[in-house]
Amino acid sequence: MRLHRSGSCLQCGNVLKFCRSLIGATSAMQHYVGLCPMFDVEVMNADAELVLGDQGAQSSPSNVARGLSSIYKEITETVRKEAATIAAVFPSPNDVMSILVQRVLEDRVPKLLEKLLLKPSLVSPPPMEEGGLILYLRLLAVAYEKTQELARDLRGVGCGDLDVEGLTESLFLPHKDIYIEYEQASLRQLYKAKMEELRTEGQQSSESSGTIGRSKGASMASSHQQISVTVVTEFVRWNEEAVSRCTLFSSQVYVTHVSRCCTSYNLLFLGMQIPSRWRGTAS
């Protein structure tokens, strides 16, 4: 069955005819696809190494995007080459292409996504120092976009009657089913971390000016700080990023929930008092 890589199409055709006479046409097609080197364990392990590198699940979204683009491009080119051979030697090439692309989306791609998209705990989320919940959400969005691109490319190469889009979407259902919970929890984590940072800065400022022990009012002022223009801009950026992911996952329900969550946090933060040391930044 590996003659298609070194022998002529005529030789391949003769071998396939013999196989069909022994095990049937469908089994012959499945056997052909199963022998493709692109499904070897070593190849799929190399996929994970290329995408995750030395940092594992803490790889940056930009590095993951580049790794996925490289792997998915290689997969598309391999499928395109196989398509030429399949068209030359199989009497029903569309059926074989359907089996081949299905194997890609049910075997090679899922094994990579399983290693890339590790769902963190909502009860005990990873600290911001390790990327926080936002890292998982960013990796999910990158993987979703790149895998959708792969599906379109494979559709362009040819995949018979296979529902490529539906099959690709099913790969992300375990993540999309609870996505909104992670998005809201991530926003809470981001805002909480930023407020703790601001309180620490306020306390350090009070200590440096010798006012820390003056009265209870000093601690109250530090806990009701209003945010500088720079920090508010950061909040807005988080909100826009969250809403863009909701739009990517194509659910108006997601967009509504996250928009409300963003609005409630913004109203809370924008109602705080502006420390005098930040007032000059607004100009």
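In this predicted model, Leu 116 touches Val 51, Leu 52, Val 64, Leu 68, Leu 139 and Ala 143, residues up to four places away in sequence not being counted; contact means heavy atoms within 4.5 Å. Residues are numbered from 1 along each chain as its sequence is written, and side-chain values use heavy atoms, with hydrogens and water left out. As the model is predicted, local features need pLDDT of at least 70 and side-chain atom pairs count only at pLDDT 80 or more, whereas totals for chains, interfaces and linings use all residues.

Leu 116 is also one of the residues that touch the most other members of the largest nonpolar core, which holds 54 residues; Leu 68, Val 79, Leu 100, Val 104 and Leu 105 are the others named. A nonpolar core is a set of buried Ala, Val, Leu, Ile, Met, Phe, Trp, Tyr and Cys residues joined through side-chain atoms within 4.5 Å. Buried means under 20% relative accessible area, exposed over 50% and partly exposed in between (1.4 Å probe, protein chains only). At least two residues of this core come from each of α2, α3 (41–52), α4, α5, α6 (132–157), α7 (164–170) and α9. Helices are DSSP runs (H or I, at least four residues), numbered from the N terminus. The largest share of the core, 12 residues, is supplied by α6. Another core, of 10 residues, lies apart from it and includes Leu 190, Met 195, Val 231 and Trp 238.

Ser 186 is placed in helix α9 (residues 179–208) and is buried at 1% relative accessibility. Its contacts beyond four places in sequence are Leu 133, Ile 134 and Leu 137.

Aromatic pairs number 8, a pair being rings of Phe, Tyr and Trp (its six-membered ring) with centres within 6.5 Å; planes under 30 degrees apart count as stacked, over 60 as edge-to-face and the rest as tilted. The rings of Tyr 32 and Phe 90 are edge-to-face, with centres 5.2 Å apart and planes at 75 degrees. Tyr 32 belongs to helix α2 (residues 25–34) and Phe 90 to the loop between α4 (61–89) and α5 (93–116), so the pair ties together parts 58 residues apart in sequence. Phe 235 and Trp 238 form a tilted pair, at 5.4 Å centre to centre and 45 degrees between the planes. These two residues lie 3 residues apart in helix α11 (residues 229–248), about one turn of the helix.

Salt bridges number 14, each being a side-chain nitrogen of Lys or Arg within 4 Å of a carboxyl oxygen of Asp or Glu. Arg 103 and Asp 107 meet in one of them (2.8 Å, N to O), and both lie in helix α5, 4 residues apart. Arg 103 is partly exposed at 27% relative accessibility, whereas Asp 107 is buried at 10%. Arg 103 also lies over the face of Phe 39, at 4.5 Å from the ring centre; the criterion is NZ of Lys or CZ of Arg within 6 Å of the ring centre and within 35 degrees of the ring normal.

Lys 194 forms a salt bridge with Glu 234, the closest N and O atoms being 3.1 Å apart. Lys 194 lies in helix α9 and Glu 234 in helix α11, so this pair ties together parts 40 residues apart in sequence. Salt bridges with shared partners join Arg 138, Glu 183, Glu 241 and Arg 245 into one network.
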